[in-house]
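Hi,

Here is the structure I said I'd pass along.

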Amino acid sequence: MEYKLLCWKNGECLGEIRKIKSLQWQEKYADAGEAKLVCAATEANLALLQSGNLLQNTDRPHLRAIIRQIEIEDDLKNPQVTVRARMTADRLAERVVMYTEPIGAAETGMRAVVQKNLRGLPLAAAPESGFPERFDGQISWGSVLDAQKKIAAVSGLGFCVTADEAQKETFRVYKGKDRTDPASPEYIGFLGDTSGTLAGIRLVEDDADTKNIAIVCGKGQGGGRIVETVDLSAGMPRKELYVDADDIAREYQDADGTQHTWTDTEYRALLHARGMEKLIQHRGGLSFAAQLRQTMLQFAKDYDLGDILPLAVQKYGIRAKVRVQEAVITYEERKTIDAVLEVIL
């Protein structure tokens, strides 16, 4: 379990955090991750662990986490400090999306929302990769981070902010690899209880609030409202969700002050995107959390955050395609990795 936890400020490495009791390093595919550190409250550590400084885990060197909270507990014998930090993508929560931004191609839209609302944030946007996924909606006001999460949830893309050796930070949109086809060169095997890839698994089946059809009602009154139906039932029993989209106007004003009017086709696309967003929030069904065994397949070597793999839990008769949506790497007496696995329909 070789790693170092370094502390950075203004592009300069200030030193290494020592006498660490526990480090939880959580990464998310479609959100800003976070970190929780518990270490001895030594004079050297306290000098490094200052609000706003950046933490770098050399086991995942491309990411940085901003220190947001510091708590010291002192029993007058062995004082310790608990630090909570957020990955630098969290800086996007400090900017508001000004006006209305129409989104078509998801990757293009995600980059545009960031680039148009930097206002001093020390970020550059990576070149486009040409991902075909679409959002076909609009983003109005709210935080830039919330906009990224919304577009990512609907499109299936991920995002992060990385730092290079010169400490230049870059906003990146990326796409996990689909490793589910045995005939594909990306195939590496499966996660399961008989493959030596899982140390434990938690299954939750929750159908209490599951919806698979959204009835989305746009601007207007009574029979004058445009109604768009989003159907993800795929032959399953209908479970309808009413979505009031009265806030989606037929006209919008861009950052230049120019007034625009959506065509009926464009407006229905906006309502469709809102319906997809709401159905994702009411997806229900099976969810998985698993501890990943680092033997046959190794996280960050054979597969990574956002990748889609086959899951086969023979003991419970479950087969599914799952995306590695979150990963929590814990460093204590030994290194463990726990993942949230999202079912891909």
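**Salt bridges**

Let me start with Arg68 and Glu94, whose side chains form a salt bridge with 3.2 Å from N to O. Arg68 sits in strand E6 (residues 65-73) and Glu94 in the loop between E7 and E8, so to speak a link between distant parts of the chain, 26 residues apart. Arg68 is partly exposed, given its relative accessibility of 37%, and Glu94 is partly exposed too, at 43%. Keep in mind throughout that this is a predicted model.

The count of salt bridges comes to 27. Another one joins Asp307 and Arg179, at 2.9 Å from N to O. Asp307 is in the loop between strand E20 (285-292) and strand E21 (308-313), while Arg179 is in the loop between E12 and strand E13 (191-192); the two are 128 residues apart. Both Asp307 and Arg179 are buried.

Then there is Asp247 with Arg274, where the closest N and O atoms are 3.0 Å apart. This pair bridges 27 residues of sequence, from the loop between strand E17 (240-244) and strand E18 (251-253), which holds Asp247, to helix H4 (residues 264-281), which holds Arg274. Buried or exposed, what are Asp247 and Arg274? Asp247 has a relative accessibility of 52%, over the 50% cut-off, and therefore counts as exposed. Arg274 has 16%, under the 20% cut-off, so Arg274 counts as buried.

Back to the pair I opened with: Arg68 and Glu94 belong to a network with Glu34, Arg86 and Asp90, joined by salt bridges that share partners.

**Aromatic rings**

I found 6 aromatic pairs in the structure. In one of them, Tyr29 and Tyr174 have ring centres 5.2 Å apart and planes at 90°, which makes the pair edge-to-face. Tyr29 comes from the loop between strand E3 (20-28) and strand E4 (34-40), and Tyr174 from strand E12 (residues 169-174), so the contact ties together parts 145 residues apart in sequence. Tyr29 is buried, with a relative accessibility of 1%.

Tyr99 and Trp141 make a tilted pair, with 5.5 Å between centres and 45° between planes. Here the parts tied together are 42 residues apart in sequence: Tyr99 lies in the loop between strand E7 (80-87) and strand E8 (100-105), Trp141 in the loop between strand E10 (134-140) and helix H3 (144-155). Tyr99 is partly exposed at 29%, and Trp141 is partly exposed at 43%.

Two arginines also lie over ring faces. Arg64 is over Trp8, 5.6 Å from the ring centre, and Arg250 is over Tyr267, at 4.6 Å.

**Nonpolar cores**

The largest nonpolar core has 44 residues, and the members touching the most others are Trp25, Leu49 and Leu341. Strand E22 (residues 318-331) contributes the most to this core, with 7 residues.

Which residues does Leu49 contact, leaving aside its neighbours within four places in sequence? They are Ile17, Leu37, Cys39, Leu55, Ile67, Ile70, Val81 and Val83.

Cheers

Note on methods:
Residues are numbered from 1 along each chain as its sequence is written. This is a predicted model: local features need pLDDT of at least 70, side-chain atom pairs count only at pLDDT 80 or more; totals for chains, interfaces and linings use all residues. Side-chain values use heavy atoms; hydrogens and water are left out. A nonpolar core is a set of buried Ala, Val, Leu, Ile, Met, Phe, Trp, Tyr and Cys residues joined through side-chain atoms within 4.5 Å. Buried means under 20% relative accessible area, exposed over 50%, partly exposed in between (1.4 Å probe, protein chains only). Helices (H or I, at least four residues) and strands (E, at least two) are DSSP runs, numbered from the N terminus. Contact means heavy atoms within 4.5 Å. Rings of Phe, Tyr and Trp (its six-membered ring) pair if their centres lie within 6.5 Å; planes under 30 degrees apart count as stacked, over 60 as edge-to-face and the rest as tilted. A charge sits over a ring if NZ of Lys or CZ of Arg is within 6 Å of the ring centre and within 35 degrees of the ring normal. A salt bridge is a side-chain nitrogen of Lys or Arg within 4 Å of a carboxyl oxygen of Asp or Glu.
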